[in-house]
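Here are my notes on the model you sent. Please keep the structure open while you read them.

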Amino acid sequence: MIRDIELKTSKGVCMLKESEVNISIPGIGRNYTFVQISDLHIAVRDESDSDAGKGRAEKSEAFWRSQGCIVCNKGLADEYIMSPLEANNAVAKRIRQISPDMVFLTGDIVDYTSLPNLLWARQYIKDLSCEYICVPGNHDTLNKNLSDKENEVLSELLGNTPEFCICSLKGFDIISLDDSSLKISDMQLCRMQEHIKSKRPIILLMHVPLLAPAARDPVFNKWGQNWMIGEEQQCKNNRAFLKLIEDNRDIVKAVLAGHVHIATGDDENHATGIVQYTAAPCFTGFIRIIKVSDKFE
Ligand SMILES: [Fe+2]
């Protein structure tokens, strides 16, 4: 369920869209509160940028602002539309109020990998003051064209093994994987197959979502094809990965993804198919709380 949450900011009062998802995993011994945000598309400029770099940041900011940033004092004389950075900061304020056990950032943290963007992202995450897992999006890719410093900061954000990483907690695992190239690798498929054999419950984090029932129509209506893992025309690993998750929905308790820039899965009963939730961009004021408990209350 998605509800409006009022937040006071230095620019006025705004509304955030907050979803709450409940997951039951018997035997975990305690309750957890996680928060998912996605697609921050950070684009900043600083004095070290060239004119071209500054122009790129301005262009990116204008584009994402046009996609619907948070509005403060809506309908009043002093109505104010936040910049994407201000909007991301407003969500950070809400996260600090919630004080979750961990924050999941499901990709496109930066709009493009410049040093100012990466440093801003690093400080943003640090200011959340909690543990986090960050999966790369197609805008955050590690590549050989980056400077040593840019690669260093990006690697720090993504951790040592962004391709496939397991965070084990008592009674369940959080698995994060890099599907930003829209391809599931042999290693990722193999490790997921092996992990599922352990029967340990999984919360799966990825950037590009799976072709799940709740996402199919809304995403196709907005974007058309080629946006989700497992579509007909994709490689066999993608289709095998989708089937693996479909066949093990008793183990994979939830898939959390971004990329498609719309929230899906929140108002579904998930009676059939993969239990997946995609997030709207953070700068539009979307936040998802995931409560994991021993049993439903
Ligand atoms: Fe994105």
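At what angle do the axes of helix H5 and helix H7 cross? The points below start there. Bear in mind that this is a predicted model.

1. Helix H5 covers residues 186-197, and helix H7 covers residues 236-247. Their axes come within 10 Å and cross at roughly 20 degrees. Angles under 35 degrees count as roughly parallel, so H5 is roughly parallel to H7. The crossing of H5 past H7 is left-handed.

2. Which residues make this contact? From H5 come Asp 186, Leu 189, Met 192, Gln 193 and Ile 196. H7 supplies Asn 237, Ala 240, Phe 241 and Leu 244. In the contact of H5 with H7, six residues are nonpolar, two are polar and one is charged.

3. Now the sheet. Five strands form an open sheet in the order S8-S9-S10-S11-S12. The pairing is mixed. Strand S8 (164-169) and strand S12 (276-278) are the edge strands, and each pairs on one side only. From one strand to the next, the twist averages 15 degrees.

4. How does strand S11 pair with S12, parallel or antiparallel? The sense is parallel, over three bridges. S11 spans residues 252-257. Look at Leu 256 here: its bridge partner in S12 is Tyr 277.

5. To check these points on screen, begin with H5 and H7, whose axes come within 10 Å. Then go to the edge strand S12 and find Tyr 277, the bridge partner of Leu 256.

Methods
Residues numbered from 1 in each chain as written. Predicted model: local features only at pLDDT ≥ 70, side-chain atom pairs only at ≥ 80, totals over all residues. Axes fitted to C-alpha atoms, helices over the stretch in contact; angles between N-to-C directions. Helix = DSSP H or I, 4+ residues; strand = E, 2+ residues; numbered from the N terminus. Parallel < 35°, antiparallel > 145°, perpendicular 65-115°, else oblique. Left-handed = near helix turned anticlockwise from the far one by under 90°. Contact = placed C-beta atoms within 7 Å. Nonpolar A, V, L, I, M, F, W, Y, C, P; charged D, E, K, R; others polar. Pairing = 2+ DSSP bridges.
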